[in-house]
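Me: I am new to this structure and would like a short tour. Could you show it to me, please?

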Amino acid sequence: MLRVNAGTKLNDEKIECITIYADSLPLRRMVSDARKNNKCRNLNGNRKIKTMIIYNDGSIFLCSLNPDTYLARLDAADYYLVDPIRTMIRKNEIREIVSKTNASHRRDIAKAKADGMYVNLTCNRKTRDYIFTESGRIYGLAYIRSAADAN
C-alpha cells in the first residue's frame, strides 16, 4: 500500500502511472473527464496539487507531494522512469515503447485519442515517443530516459 497522506493509502498493485500534475490543457481535460465519470479523487488536503496517480482502471488520484516522494515509498525497480517531467510507469503495465510509428500504431493512437485513452505528457513539446500499456492507455512523451540513465 502506498501512503499518500495522513490516513490515506492506495493499492500500489493497481498503479499504472505517477506523474507531475503540470498545468497543461491535456491533463486538465483528462481530470475534468474523470470527474464527470466519478473516477477522480482529490487527496491533496487543501494543498496545491503536484502529482497525478493513474490506476490501470482509469481512476485518477490528485495528491499534494512530489512524484519523487511516492517513488521513494514504492519499489523503484517496478517502475520505468521517464524524463524530464518525473513520470514513472509500472514496468509490468508496459506493452510496447515506440519511437517510430507505423500505420498500425497511428491507428491505435487515433483510436485512443477518440476514446479518451491517450495521455499527453509532453508539456507543450513535440511528441516523439509513445508507451502503449496493457490497459489500452497510450502515453505520448517528448523524451524517454535511456535504460542506462534509469538504473
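This is a predicted model: local features need pLDDT of at least 70, side-chain atom pairs count only at pLDDT 80 or more; totals for chains, interfaces and linings use all residues.

Me: What is the strand order in the open sheet of 6 strands?
Reply: The order is β4-β6-β5-β3-β8-β7, with mixed pairing. Strands here are DSSP runs of E with at least two residues, helices are runs of H or I with at least four, and both are numbered from the N terminus. Two strands pair if DSSP finds at least two bridges between them.

Me: Which strands are at the edges?
Reply: β4 (40-42) and β7 (79-82) are the edge strands, each pairing on one side only. From one strand to the next, the twist averages 15 degrees.

Me: Which strands of that sheet does α1 touch?
Reply: α1 packs on the sheet and touches β3 (15-20), β4, β5 (51-55) and β6 (60-63). Contact means heavy atoms within 4.5 Å. The direction of α1 makes about 120 degrees with that of β6; axes are lines fitted to C-alpha atoms, for helices over the stretch in contact, and angles run from 0 to 180 degrees between N-to-C directions.

Me: How do β7 and β8 pair?
Reply: They run antiparallel and are joined by 4 bridges. Val82 has Thr87 as its bridge partner in β8.

Me: Now the other sheet. What is the order of its 4 strands?
Reply: This open sheet has the order β9-β11-β12-β10, again with mixed pairing. β9 and β10 are its edge strands.

Me: How covered is β11?
Reply: Strand β11 (residues 129-133) is mostly covered, with 5 of its 5 residues buried. Buried means under 20% relative accessible area, exposed over 50%, and partly exposed in between (1.4 Å probe, protein chains only). Asp129, Ile131 and Thr133 point one way from the strand, while Tyr130 and Phe132 point the other way.

Me: What lies between β11 and β12?
Reply: The two form a hairpin with 4 residues between them, and Gly136 in the turn has a positive phi of about 95 degrees. α3 lies across β9, β10, β11 and β12, at about 70 degrees to β11.

Me: A change of topic: is Lys48 buried or exposed?
Reply: Lys48 counts as exposed because its relative accessibility is 65%. Lys48 lies in the loop between β4 and β5. Leaving aside neighbours within four places in sequence, Lys48 is in contact with Cys63 and Ser64.

Me: Lastly, how much space lies in the largest pocket?
Reply: About 420 Å³ lies in the largest pocket. On a 1 Å grid over the protein atoms alone, a pocket is an open set of points where a 1.4 Å probe fits, with protein on both sides within 12 Å along at least five of seven lines; lining residues have an atom within 4 Å of a point. Of the 19 lining residues, the closest to its centre are Met30, Asp33, Gly116, Met117 and Tyr118. α1 gives the largest share of the lining, 6 residues.

Methods: Residues are numbered from 1 along each chain as its sequence is written. Side-chain values use heavy atoms; hydrogens and water are left out. Grid points are joined across faces, edges and corners, and a volume is the space filled by probe spheres set on the points.
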